[in-house]
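Hi,

Here is the structure I said I would pass on. Have a look at it first, and then read my notes below.

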Amino acid sequence: MTEDTPSPQINVSKIPGGGGVAGTMFAVISTVIFLIGIPALRYMFPAAIVLGCGAALIIHFIRHETPGTSWILPATKK
């Protein structure tokens, strides 16, 4: 088999998944497929949801002194 011959695989990045109901269905169905196919994810998924929601709450309630500016400290101080 030569290097120029493309392999017939599905490229997930080429599947359109817009917003709204269709995008939500795509996300939920994809998650269910991964949870069924990879049993180890069944234990990590709830922990990831809890940690993600916690991080979102922390970021949401951090007080920004100047809206729109970066709130992460720069690596080097001037």
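This is a predicted model: local features need pLDDT of at least 70, side-chain atom pairs count only at pLDDT 80 or more; totals for chains, interfaces and linings use all residues.

Helix α1 covers residues 20-37, and helix α2 covers residues 41-61.

Now for how the helices sit together. Two packed helices are described by the angle between their axes and the distance between those axes. Here α1 and α2 pack at an angle of about 135°, and their axes are 8 Å apart. An angle over 145 degrees would count as roughly antiparallel, and 65 to 115 as roughly perpendicular; the two helices are therefore oblique to each other.

Which residues meet where α1 and α2 touch? On the α1 side you'll find Thr31, Phe34, Leu35 and Ile36, and they meet Leu41, Arg42 and Phe45 in α2. Sorted by class, that contact has five nonpolar residues, one polar and one charged.

One more spot to look at is Pro16, in the segment before α1. Is Pro16 buried or exposed? Its relative accessible area is 73%, and exposed means over 50%, so Pro16 counts as exposed. Pro16 and Phe26 are 10 residues apart in sequence, and their C-alpha atoms are 9.4 Å apart in space.

Cheers

Key: Residues are numbered from 1 along each chain as its sequence is written. Side-chain values use heavy atoms; hydrogens and water are left out. Axes are lines fitted to C-alpha atoms, for helices over the stretch in contact, and angles run from 0 to 180 degrees between N-to-C directions. Helices (H or I, at least four residues) and strands (E, at least two) are DSSP runs, numbered from the N terminus. Angles under 35 degrees count as roughly parallel, over 145 as roughly antiparallel, 65 to 115 as roughly perpendicular and the rest as oblique. Contact means heavy atoms within 4.5 Å. Ala, Val, Leu, Ile, Met, Phe, Trp, Tyr, Cys and Pro count as nonpolar, Asp, Glu, Lys and Arg as charged, and the others, Gly among them, as polar. Buried means under 20% relative accessible area, exposed over 50%, partly exposed in between (1.4 Å probe, protein chains only).
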